[in-house]
Amino acid sequence: MNLLAAENLTKSYGTKVLFDNISFGIQDKEKMGIIGVNGTGKSTLLKILAGLESPEKGQVITGNNVSVEYLPQDPEFEDQASVLEQIFRGNSTLMQLLKDYERALQKLNRDPQNTVFQQKLLDLGQKMDAQNAWQLESDAKTILTKLGINEFDTSMGLLSGGQRKRVALASALINPSDLLILDEPTNHIDNATVDWLEQYLNNRKGALIMITHDRYFLDRVANQILELDRGKLYPYPGNYTRYLELKAEREEQEEASERKRQNRIRNELAWIRRGAQARSTKQRARIERFEALVADKPAESAGRVDIAAGASRLGKKVIECRHLHHEFPQRGIVIEDFSYSVARNDRIGIIGPNGMGKSTLLNIFDGRIEPDQGEIEWGPTVKVGCFAQENTAMNPNQRVIDYIKDIAEVLPTADGGVITASQMLERFLFSPALQWTPIAKLSGGEKRRLYLLHVLMGAPNVLLLDEPTNDLDIQTLRVLEEYLEDFPGAVISVSHDRYFLDRVAEKIFSFEGQGKIRTYIGNYSDYREHVMQEQCIEPNMAQGQIKKHQNEQKDQAAAENSHSQTFKPQKERLKMTYKEQREYEQIDDIIAQKEAELAKVNQEMNEAGSDYGKLNELVSQQQALEKTLEELMDRWTYLNELAEKISQSKA
């Protein structure tokens with residue numbers, strides 16, 4: 001069933017064309033993810049689909065009786081409304097009934113002896129029974145709890161920005177809809193909540209279209225990817241991993257087509273230079289085809305964010321923390337007896353539920369908060385760069401170029417040279433014209449990218465990143481991850497982005513309640529594996545196996561340093577089994593044999609002509625051989641990497 005169709009949509013922002021004549025449809029049960037560089041119009045497209053903005057050309061057609069629910073990137077709220085009133089903000093009869101019931105309940109709680117309030121609540125309760133509304137109210141409170149909101153009567157004006165976004169997400173999830181439209185739903189929620197949201201959306205009936213930078217989330221939820229690129233829309237079936245494969249194929253095809261076009265241009269140009277007979281009709285037509293060929297050049301590349309900044313020299317002493325303790329009057333202890341010495345090349349990821357003190361620890365590292373107890377010292381050469389959750393101190397009327405020049409006119413590069421502020425802006429995809437634009441005219445993602453450059457222009461040698469993946473596009477995130485791999489200093493990141501932590505972190509600080517911070521060696525996946533081992537998650541384990549497992553844990557703990565809280569992964573096995581050795585010796589010949597068989601099948605397909613029965617049989621053979629070859633190549637890669645590691649260990 002087609003729920004919504006977008007036909008020939010065109011939208012511009014000033015002189016910039018966001019998208020031009022794009023069309024697509026959304027079917028029931030489809031889960032679409034929209035990706036693209038910041039500023040390409042992703043959020044604008046969602047607003048048009050939700051009916052909040054109008055396209056310059058084209059139309060959006062929604063099916064009969066199709067209900068749409070929309071979560072904006074920056075939701076608006078009534079400060080005086082309670083959390084539950086905000087949740088039940090819809091105009092349907094059911095939503096109005098739930099709002100009336102919650103208001104009556106609040107009045108009765110304030111005046112329990114009031115008979116008018118008692119009767120009102122009784123009447124509304126009967127209506128709730130008649131419309132089976134109790135389940136919806138229960139679901140709303142369950143979702144809020146899962147999202148970390150437990151005080152349902154709290155006024156929205158008293159919540160933090162992250163809490164408000166989570167209330168808005170709960171509101172979008174609880175309101176019944178055929179099509180759910182979500183703009184950055186994973187921002188401001190922790191890893192455990194993202195896991196829950198994945199399961200919720202996968203089990204939810206109805207269609208979904210969303211913008212998110214969370215690549216694991218796209219992998220596990222989306223079954224269709226739409227990429228906005230240079231004003232065009234490219235659909236890809238499958239999840240994010242499949243999108244990467246298909247996009248690589250598309251780009252290879254485009255490059256091959258461009259090479260053919262250039263070859264034809266060279267041949268035609270050589271012919272023209274030899275002296276074409278302009279009066280001949282055939283020759284004139286050939287010249288016109290040549291001119292059309294030259295004009296049919298591919299669209300210019302959207303560009304690539306390029307980070308090539310250097311860093312200040314960093315001495316041996318970086319940051320030393322000794323017995324840090326910090327607490328807040330209402331939240332209690334967030335950091336308890338924490339000691340750590342940051343090393344020069346540390347790559348630390350900080351994780352934990354919202355409100356546990358992750359950003360507080362980062363602010364202590366930055367010197368913006370003094371701990372209640374304990375000491376912290378910075379090395380004499382330390383130069384901290386802090387990328388906060390909010391784009392701090394951004395004057396909306398200031399021009400982009402001036403915002404960057406406030407930090408530095410030029411920046412030293414890793415190779416000893418310098419690069420100007422304007423050149424760095426171009427590397428961050430801010431064209432010369434855009435550099436003179438007021439910051440107010442940038443998209444939310446473009447502001448985040450500009451703020452990131454603002455931090456890097458200070459040439460820091462210690463980077464503190466607080467939720468760096470929020471509102472940054474996937475392309476910028478990939479380049480940031482590559483930059484951090486080669487960054488000549490320490491990197492400490494608070495993040496809920498599991499993919500980012502797997503790429504960047506080599507050590508995890510986990511906030512585990514009551515101010516306890518535990519250290520694990522490895523990235524986020526290593527941390528998860530260790531936690532699962534500790535929790536003994538196999539529910540069907542026999543009692544004897546459980547006791548054996550517990551004894552093994554005790555023996556292992558006794559062998560380790562009793563003061564260490566660090567997880568050390570098992571040493572990798574560097575020896576081939578007899579079977580692997582035989583496989584390693586034979587696999588090249590097996591791959592060559594299968595490649596020859598595939599070449600033979602391809603030749604037979606070319607010769608089969610219109611014999612459709614034989615063609616179907618050959619296509620099945622081709623697919624089976626291609627799958628076998630893919631599996632063999634994966635095995636070949638593993639065996640060769642293992643052989644190389646064994647060789648290195650013996651050297």
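In which sense, parallel or antiparallel, do strand 1 and strand 4 pair? In this predicted model, strand 1 and strand 4 (residues 57-62) pair in the antiparallel sense, and 5 bridges hold the pairing. Within it, alanine 5 has isoleucine 61 of strand 4 as its bridge partner. Strand 1 has another neighbour too: strand 1 (residues 2-13) is joined to strand 2 (residues 16-27) by 8 bridges, and these two strands also run antiparallel. Here tyrosine 13 stands opposite lysine 16 of strand 2. The two strands form a hairpin with 2 residues between them, where glycine 14 adopts a positive phi near 70°.

The chain has 651 residues, and 44% of them are buried. Of the contacts between residues at least 6 apart in sequence, 67% join residues at least 24 apart.

Charged side chains come next. Side chains of opposite charge can pair when their charged atoms come close. The whole structure contains 24 salt bridges. One of them links the side chains of lysine 11 and glutamate 53, with 3.7 Å from N to O. Lysine 11 is buried, because its relative accessible area of 15% falls under the 20% cut-off. Glutamate 53, at 28% relative accessibility, counts as partly exposed.

A second salt bridge, of 2.9 Å from N to O, brings together the side chains of arginine 242 and glutamate 245. Why are these two residues about one helical turn apart? Both lie in helix 9 (residues 240-273) and they are 3 residues apart, so about one helical turn separates them. An α-helix has 3.6 residues a turn, so residues three or four places apart point the same way. Arginine 242 is partly exposed at 35% relative accessible area, and glutamate 245 is partly exposed at 37%.

Arginine 399 and aspartate 402 also meet through their side chains in a salt bridge, again with an N to O value of 2.9 Å. Arginine 399 is partly exposed at 34% relative accessibility, as is aspartate 402 with a relative accessible area of 24%. Elsewhere, salt bridges that share partners connect Asp195, Glu198, Asp214, Arg220 and Arg498 into one network.

Aspartate 466 is buried but has no salt bridge, and arginine 368, the nearest side chain of opposite charge, is 6.2 Å away. The side chain of aspartate 466 does make a polar contact of 2.8 Å with the side chain of serine 359. Beyond its neighbours within four places in sequence, aspartate 466 is in contact with residues including Leu362, Phe387, Arg448 and Val494.

At the start of helix 16, a side-chain oxygen of aspartate 473 comes to within 3.1 Å of the backbone nitrogen of glutamine 475. The buried residues of this helix include Ile474, Leu477, Leu480, Glu481 and Leu484.

Definitions and conventions: Residues numbered from 1 in each chain as written. Predicted model: local features only at pLDDT ≥ 70, side-chain atom pairs only at ≥ 80, totals over all residues. Heavy atoms only, no water. Buried < 20%, exposed > 50% of the residue type's maximum accessible area, 1.4 Å probe, protein only. Lys, Arg positive; Asp, Glu negative; His and termini not counted. Salt bridge = Lys/Arg side-chain N within 4 Å of Asp/Glu carboxyl O. Polar contact = N/O pair within 3.5 Å; in protein donor to acceptor, adjacent residues only side chain to side chain. Contact = heavy atoms within 4.5 Å. Helix = DSSP H or I, 4+ residues; strand = E, 2+ residues; numbered from the N terminus. Pairing = 2+ DSSP bridges.
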